[in-house]
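Trainee: I am new to this one. Please walk me through it, one question at a time.

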Amino acid sequence: MSNVTLSKVNKIYGSGRTGVHAVRDLDLAVPDGEFMALLGPSGCGKTSTLRMIVGLEPITSGDIRFGDLRVNDLEPRERNVAMAFETYALYPNFTVEENLAFPLEVRGVPPAERRRRARELAELLRITEILSAKPPVLSGGQQQRVSLGRALIREPAVFILDEVMSHLDAHLKFQMLFDLKRLHQELRRTMIYVTHDQVEALALADRVAVMSNAELQQVGDRNTLYNRPANMFVADFIGEPPTTFIPVERRDSAECARLHATGAELVFDVAAERIPDLDAHGGCEFMVGIRPQNLHLCDHGATIGGKIVINEYLGERSILSFVTGDVTLQALAPPDTRMAPGEHAGFSLDPRDVMIFDAETGALVT
C-alpha cells in the first residue's frame, strides 16, 4: 500500500492564450488504504488528475508523491499503479484465467504461481465458474470483474478505477458497488475512484474529493459533504433531488434573526446557534439552500406553503414540486401521498436545516 499526495499540481493543455487549465493548484492527500473518490461533472479535471497520478499525462507544475517517493518523472510502469477503465479492454482470444494471469506472465512469474494467484483472485471476485470462458460470451458485469481482477493481480501500491460502472445497468451496478466495497474492505489497498455519479462516490468511498472548473471544491466524508457543504456547488451536486437556492435579505425582527426571500413571501428564521456566524460575515444579502429531504408535509404548524404542480411517484417515495411566489421547491413525501396539481400543501422546516451561503461567492456562511 502507499499514501498518495498531490501538492500544488497543475495541468495546462496547450500554451499561451489557447491553453486550457484543466487542473489548478490541486492539493490532495490519500492515506494508505483509503478509498478516495474523485467526483465532479464532465470537464472538471478529475480524469486529468487521474492520468497524472498514473503517469499517462505529464505534470505542468507541482509534485505527486507515493509515500516519500516523488513520482513526477517516473514512467507509468515504474509507479506500481494498476488501473481499471470504463472499457474492459480484455483480450478476446484469451480465457478469463489467461486474462487474469497475463500481467504476471509479462513479469516472468512461473506458470504454476500465475495459475494459483489467478484462481485465488477469481474466488475473491466470485468468477471461478467462468475461468475457462472467453470475454465475448460474458455479461457486462462478468467482464468488469475480470478487468478488475487483471488490475488487482499485480498487487499494486495504488489502484485506480476510472468510471468503471458507466456501462452497467442498474442491477449490475448495485452488485458491483457491493463487490467493490467488499474488495476494499478485504484488501485494504489504496484506491482512487473517478466518477461523475454522486451515488457511486458516496456509497463506495471513505472520503470524496469534489471538483469543479479545474479546482478542488471540498474533501470530506458523506456526512460532511451533505450537511456542511463548502459552497453552493457542493450543496447542489451532492444530494438527490437537488437543493433549491433562494435569494434572501436579512431583516431581523425584535425576536430573532430572519431572512426574507426576494421572490416570494417566505421568511426563514435563523437558528440561535448560527447567528454569530451570520453576524461575523456581515452584509444583508445571502442565498438560502433548502434540501427536499428537510421539507416535511404537515397539516398544522407549516412554515412554508405552496401550490402543488407535480406529484412524482417513484415507488419508495414521492417528490412533490410546489410553487410559492416565483420560487419552485421540492419536498420528499411518503409514496402513498395523494396530492394533485393545484392543491395547496403546507410543509415544516427546522431552522437548523437551512443552509446559508454568501450571495456573491457561493461559500457557506453557516
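Trainee: Which residues have the most contacts inside the largest nonpolar core?

Mentor: A nonpolar core is a set of buried Ala, Val, Leu, Ile, Met, Phe, Trp, Tyr and Cys residues joined through side-chain atoms within 4.5 Å. Buried means under 20% relative accessible area, exposed over 50%, partly exposed in between, with a 1.4 Å probe and protein chains only. The largest core has 47 residues, and those with the most contacts inside it are Phe159, Met165, Leu180 and Val208.

Trainee: What kind of model is this, and how are residues numbered?

Mentor: This is a predicted model: local features need pLDDT of at least 70, side-chain atom pairs count only at pLDDT 80 or more, and totals for chains, interfaces and linings use all residues. Side-chain values use heavy atoms, leaving out hydrogens and water, and residues are numbered from 1 along each chain as its sequence is written.

Trainee: Which residues does Leu180 touch?

Mentor: Contact means heavy atoms within 4.5 Å. Residues up to four places away in sequence are not counted. That leaves Phe35, Leu148, Leu161, Val164, Met165, Tyr193 and Leu204.

Trainee: How much space lies in the largest pocket?

Mentor: On a 1 Å grid over the protein atoms alone, a pocket is an open set of points where a 1.4 Å probe fits, with protein on both sides within 12 Å along at least five of seven lines; lining residues have an atom within 4 Å of a point. Points are joined across faces, edges and corners, and the volume is the space filled by probe spheres set on them. For the largest pocket that is about 390 Å³.

Trainee: Which element gives the most to its lining?

Mentor: Helices (H or I, at least four residues) and strands (E, at least two) are DSSP runs, numbered from the N terminus. The lining has 18 residues, with Val81, Ala82, Met83, Phe85 and Arg154 closest to the pocket centre. Two or more residues come from each of β6 (81–84), α2 (96–106) and α4 (140–152). With four residues, the top contributor is β6.

Trainee: Where is the cis peptide bond?

Mentor: Most peptide bonds are trans. Here one has omega of about 0 degrees. Pro241, in the loop between α8 (232–237) and β11 (244–250), is joined by this bond to Glu240.

Trainee: Is Glu155 buried, exposed or partly exposed?

Mentor: Glu155 sits in the loop between α4 and β7 (158–162). Its phi is near 55 degrees, a positive value in a residue other than glycine. Because its relative accessibility is 49%, Glu155 counts as partly exposed.

Trainee: What is the phi of Arg188?

Mentor: Arg188 lies in the loop between α5 (170–187) and β8 (190–195). Its phi is positive, and Arg188 is not a glycine. The value is near 55 degrees.

Trainee: What distance separates the domain centres?

Mentor: An automatic or database domain assignment sets the bounds. The chain divides into domain 1 (4–231) and domain 2 (240–358). Five residues of domain 1 contact five of domain 2. Taken over C-alpha atoms, the centres are separated by 39 Å.
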